[in-house]
Amino acid sequence: MKVSGILFFSLAFLLFSCGAKHDKQQLVGAQDTAIVTNPKLDSVPAEIHTLENLATHMMDSGESYRNDGSTEAEQVFIKAFIEALKKPGAFETNFASLKKHDIQVLTADDGRLRIFYWLSPYSGSMWHVQNIIQYKDENNALTALSFNNLYEDKDDDGSPTPFFDHIYTLNTSPQKTYLFIGYGQMSGTEPYTASHTLVIDHAKFSINKALFKIGKVVKTQLFASAELKEDQDKEKLLAELAITYNSKDKTISYPEVNETKNGSVLTGKRNVLIFRDGMFK
């Protein structure tokens, strides 16, 4: 009787444990589904497959945005992606599976800073580009943040951020300084180019340092736009608007633009600034 009792309670305990484990798995599965179908801003999933699902939900939310103006799906993805980019080993992960959603990556020339970017599904003729920065410092500590959050006054001359196509390291110390160059579109007829400097000083990030000195005027960015004429080739106009940087002689070249009653007009001339003493001038 004593042995039978022990066997009975052992069997009961085993069945109870298996049932509890099965219920827990069902609960976890239900929670994962809830995150994708009804995401909340306080949900921070870091697994790549979950990021893929959130990215799909974001890209599919364009129609609902046009109906009710909600941008929650993109906010949820950005928050989850930023948290994933801070995880140990995330800098060595290429997140290649996100490319099917046109989420691309650009790496700075020193290999310590990356930008993940995509055209927001809420864009129209004016582009709204999302840029997420990931930075690894000298101690291999990872930081990630949205470029949009770096605008102090949110006065962005067009889209929140352009498509950046080059990131250069500038020789400054003790802070780190990066030069970003890219292009965007304020409307279907007004493309633009822009250049920002990103200063990282003791883990503080800023794009509001006035590092471009043109005559007596000091600016936080270079910006050039021009109206696209009806018979004009857009790619050719962007090439004329291009801002370029020569890392050998530390010069940045940008187009001269006149503001007229008919809008911005290129003069055909280009101006050059040289990076010295921590500033372009």
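**Ala 55**

I started with Ala 55, which sits in helix α2, residues 48-59. I'm working from a predicted model here. Is Ala 55 buried or exposed? I get a relative accessible area of 0% for Ala 55, and the cut-off for buried is under 20%, so Ala 55 counts as buried.

Next I looked up what Ala 55 touches. Leaving out residues up to four places away in sequence, I noted Phe 77, Leu 98, His 101 and Ile 103. I also checked Val 76: from Ala 55 it is 21 residues away in sequence, and the C-alpha atoms are 9.2 Å apart in space.

**The four-stranded sheet**

Then I went to the sheet. I found four strands in an open sheet, running β1-β2-β3-β4 in order, with antiparallel pairing. Which strands stand at the edges? They are β1 (104-107) and β4 (142-146); each has a single partner strand, so one side of each lacks a neighbour in the sheet. On average, neighbouring strands in this sheet are turned by 20° against each other, ignoring direction.

I zoomed in on β3, residues 129-136, which pairs with β4 in the antiparallel sense over five bridges.

A reminder to myself: strands of a sheet pair through backbone hydrogen bonds, parallel or antiparallel.

**Strand β11**

On to β11, residues 221-225. How much of this strand is buried? Four of its five residues are, so β11 is largely enclosed by the rest of the structure. I traced its pairing to β7 (residues 190-201), antiparallel, over five bridges. Opposite Gln 221 of β11 I found His 196.

**The largest pocket**

Which residues lie nearest its centre? Of the 16 lining residues, they are Lys 219, Phe 223, Ala 224, Tyr 254 and Val 257. I also sorted the lining by type: seven residues are nonpolar, five polar and four charged.

Notes
Residues are numbered from 1 along each chain as its sequence is written. This is a predicted model: local features need pLDDT of at least 70, side-chain atom pairs count only at pLDDT 80 or more; totals for chains, interfaces and linings use all residues. Side-chain values use heavy atoms; hydrogens and water are left out. Two strands pair if DSSP finds at least two bridges between them. Helices (H or I, at least four residues) and strands (E, at least two) are DSSP runs, numbered from the N terminus. Axes are lines fitted to C-alpha atoms, for helices over the stretch in contact, and angles run from 0 to 180 degrees between N-to-C directions. Buried means under 20% relative accessible area, exposed over 50%, partly exposed in between (1.4 Å probe, protein chains only). On a 1 Å grid over the protein atoms alone, a cavity is a set of points where a 1.4 Å probe fits but cannot get out, and a pocket is an open set with protein on both sides within 12 Å along at least five of seven lines; lining residues have an atom within 4 Å of a point. Ala, Val, Leu, Ile, Met, Phe, Trp, Tyr, Cys and Pro count as nonpolar, Asp, Glu, Lys and Arg as charged, and the others, Gly among them, as polar. Contact means heavy atoms within 4.5 Å.
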